[in-house]
Amino acid sequence: MRSLLFVPADSAKMLDKAMMCGADALIVDLEDSIAPDGKTRARQSAAAFLKTAHRVASRPYILVRVNGLRTGLTDADLDAVVSASPDAIMLPKAEGGASVVHADAKLAVREARSDLPEGHVKILPIATETAGALFLAGTFAGASARLIGLTWGAEDLSADLGAQANRDEHGRFLDPYRLARTLCLAGAAAAQVPAIDTVYVDFRDADGFRAECEEGLRDGFSGKMAIHPAQVPIINEVFTPNTEAIARAQAIVDAFAKNPDVGVVGIGGVMYDRPHLARAQQLLTRAASTRK
Ligand code: COA
Ligand code: MG
């Protein structure tokens with residue numbers, strides 16, 4: 001999954017528009033973009049949207065962002081949406097693998113009630129939204145077969161840390177958030193799931209957004225979350241391997257296939273060893289999955 005677009009669950013108009021915008025996934029939001037007294041209506045709107053979306057032949061993957069486990073709202077969120085069969089829930093303010101185990105159990109109960117196979121609804125945690133969560137970023141491995149990735153957030157974390165800003169005057173994340181970003185990458189790799197980069201809220205700044213997508217790709221993220229449809233094509237372009245990158249990766253894989261007994265090969269005057277082979281294979285897998 002390259003692009004995951006947030007859409008407030010209470011906006012039928014935005015939900016319709018989002019279906020057509022080319023995003024690989026939509027995140028129907030019941031959390032931060034919904035005011036406290038709008039939750040009930042938003043849940044109903046999310047469930048109605050899911051039912052309609054299931055009738056669309058070629059639709060994006062659909063996640064519902066529920067409210068965090070400490071809010072007391074998660075059960076009512078799940079009661080409203082699980083029977084409408086979302087592909088996944090996004091779990092905000094996750095605190096390590098234990099919170100995924102907790103959400104897994106809540107989902108299993110609703111799946112049983114709704115006649116859905118156990119494990120049908122997957123989980124994408126936001127792994128860095130509280131200070132405590134940072135210390136648990138390495139605990140997601142093996143928590144649940146529902147885990148499809150890890151993502152990270154800087155807005156709630158800055159509130160929890162009592163910070164005045166999370167980016168510098170050039171729009172670059174400050175140290176505490178670069179740490180959170182790195183912990184998300186490492187936590188995801190340790191759990192053998194994709195890492196998804198966080199949102200860029202300045203949605204009119206296409207150049208800054210593209211630069212941040214390119215940084216994410218360089219550092220190992222598989223995709224990025226969006227808050228506005230204009231961000232989607234930029235994410236899809238940056239996170240789709242281009243023909244040059246595919247050819248380079250294929251040359252490395254071919255060179256090792258021709259010489260299965262060696263640990264290192266030279267191509268065009270550059271040395272490639274086993275980690276380069278692993279990276280080349282990952283890129284080809286990603287290229288194949290985006291061609292589908
Ligand atoms: N999903 C689907 N459609 C969206 C959208 C989104 N996330 N964001 C904007 N649009 C639509 C608008 O409705 C508008 O449609 P129209 O041309 O038919 O009127 C069009 O795209 C252009 O929008 P624009 O005028 O540029 O922005 P806006 O002022 O309407 O909306 C936001 C700006 C920030 C309010 C809106 O992008 C948004 O709500 N984003 C998601 C926020 C969110 O979920 N946050 C929580 C996670 S951090
Ligand atoms: Mg938040």
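Analyst: A backbone N or O atom of Phe6 lies 2.8 Å from a nitrogen atom of ligand 1; a polar contact here is a pair of N or O atoms within 3.5 Å, where within protein one atom must be able to donate a hydrogen and the other to accept it, and residues adjacent in sequence count only if both atoms are side-chain atoms. This is a predicted model, in which local features need pLDDT of at least 70 and side-chain atom pairs count only at pLDDT 80 or more, while totals for chains, interfaces and linings use all residues. Residues are numbered from 1 along each chain as its sequence is written, chains are lettered from A and ligands numbered from 1 in the order in which they are written, and side-chain values use heavy atoms, with hydrogens and water left out.

Ile227 also meets ligand 1 through its backbone, one of its polar atoms there being 2.8 Å from a ligand nitrogen atom. The side chain of Arg204 places an N or O atom 2.9 Å from an oxygen atom of ligand 1. The protein buries 64% of the 890 Å² that ligand 1 exposes when taken alone (Shrake-Rupley areas with a 1.4 Å probe; for residues, only the protein chains shown count as cover). Strand E1 (3-8) and helix H1 (12-19) are the elements that give two or more residues to the shell around this ligand; helices (H or I, at least four residues) and strands (E, at least two) are DSSP runs numbered from the N terminus.

In total, 16 residues surround ligand 1, and the closest are Phe6, Lys13, Arg204, Ile227 and His228; a residue is near a molecule if one of its heavy atoms lies within 4 Å of it. By class, 9 are nonpolar, 2 polar and 5 charged (Ala, Val, Leu, Ile, Met, Phe, Trp, Tyr, Cys and Pro count as nonpolar, Asp, Glu, Lys and Arg as charged, and the others, Gly among them, as polar).

The magnesium ion, ligand 2, is coordinated by OD atoms of Asp32 and Asp156 at 1.8 to 2.0 Å. Donors are N, O and S atoms within 2.8 Å of the metal (3.2 Å for Na, K and Ca), and sites may look incomplete because water is not among the atoms. The two residues are 124 apart and link distant parts of the chain: Asp32 belongs to the loop between strand E2 (25-29) and helix H2 (39-53), Asp156 to helix H6 (residues 155-161). With a relative accessible area of 49%, Asp32 is partly exposed, that is, between buried (under 20%) and exposed (over 50%), using a 1.4 Å probe and protein chains only.
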